[in-house]
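Please look over the sequence and the model before reading on.

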Amino acid sequence: ADRVRVTGNARLDDLVSAVTARRPARDEIRRGLGVGPDQPLAVLTAKFTEMRGPLGKLIEAVAGLPEMRLIIKPHPAESPSDYDAAVVRASNASVAPGIDLASALVAADTVVTMNSTVAIDGLVLGLPALVIGLPNNLSPFVDSGAMVGAGGAAPIREALRSLLYDREAREAQVVRGAAFARRYGLESDGRAAGRAAAEILALAGHPSDRRNGNAEESI
């Protein structure tokens, strides 16, 4: 234990900063996606290669809630056209290949995924996550209650209905997610990169304030 230092997640710090900066433009971002001001929006972030199995059930569930929208943010390493055959089965589902992750999360009311760590980011950002295709890497989060899990089309539809339309259920899920993030130190304070740099400099024998993660003078 004395050889381990937990410095935090610099990537999450960057994402939280970007989301905070884009939040005032939420309505504009949603308009650009063709989403109405009060229209419930779920954003799918996942790899198509992993989602190929449960994707049909998700699309069926979304088609059963025609007043909501599903926006798919394709993985950068995959083609947006991978989803073409699926989205034609639901008029309220579409692909947004050019949107950045921060903007997608600002626009979203809930995140849908299978294995993506974006669902973990959502715990910190106050965005509930629906996990499909269980069991998978996010099963422990579902088992703990920090995320919602669902299997077939009907359970997925009911989970979406709960997260998107039931304010009390949604708020309770956000609270559970935030409590989980606090319990395991997942929050962002914007100083993870500084702490990591301070630890590296300390290992190299340079003076630095390891305790506060202030390595600027040494650098």
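Which helices each supply at least two residues of the lining of the largest cavity? They are helix H7 (118-125) and helix H10 (167-183). This is a predicted model, in which local features need pLDDT of at least 70 and side-chain atom pairs count only at pLDDT 80 or more, while totals for chains, interfaces and linings use all residues. Residues are numbered from 1 along each chain as its sequence is written, and side-chain values use heavy atoms, with hydrogens and water left out.

**Cavity**

- The count is one cavity of 30 Å³ or more; a cavity is a set of points on a 1 Å grid over the protein atoms alone where a 1.4 Å probe fits but cannot get out, and lining residues have an atom within 4 Å of a point.
- The largest cavity holds about 50 Å³ of space, a volume being the space filled by probe spheres set on the points, which are joined across faces, edges and corners.
- H10 gives the most to this lining, with four residues; helices (H or I, at least four residues) and strands (E, at least two) are DSSP runs, numbered from the N terminus.
- Among the lining residues are Gly122, Leu123, Pro128, Ala146, Gln173 and Val174.
- By class the lining has seven nonpolar, four polar and no charged residues, where Ala, Val, Leu, Ile, Met, Phe, Trp, Tyr, Cys and Pro count as nonpolar, Asp, Glu, Lys and Arg as charged, and the others, Gly among them, as polar.

**Salt bridges**

- There are eight salt bridges, each a side-chain nitrogen of Lys or Arg within 4 Å of a carboxyl oxygen of Asp or Glu.
- Arg11 and Asp121 form one of them, at 3.1 Å from N to O. Arg11 lies in helix H1 (residues 10-22) and Asp121 in helix H7, so the bridge ties together parts 110 residues apart in sequence.
- Arg22 pairs with Asp100 at 3.3 Å, N to O. Arg22 is in helix H1 and Asp100 in the loop between strand E3 (93-95) and helix H6 (101-107), so this pair ties together parts 78 residues apart in sequence.
- In the bridge between Asp189 and Arg191, the closest N and O atoms are 3.5 Å apart.
- Arg26, Arg30 and Asp109 are linked in a network of salt bridges.

**Exposure of the paired residues**

- Arg22 is partly exposed at 30%, and Asp100 is partly exposed at 32%.
- Asp189 is partly exposed at 41%, as is Arg191 at 44%.

How values were computed:
On a 1 Å grid over the protein atoms alone, a cavity is a set of points where a 1.4 Å probe fits but cannot get out, and a pocket is an open set with protein on both sides within 12 Å along at least five of seven lines; lining residues have an atom within 4 Å of a point. Buried means under 20% relative accessible area, exposed over 50%, partly exposed in between (1.4 Å probe, protein chains only).
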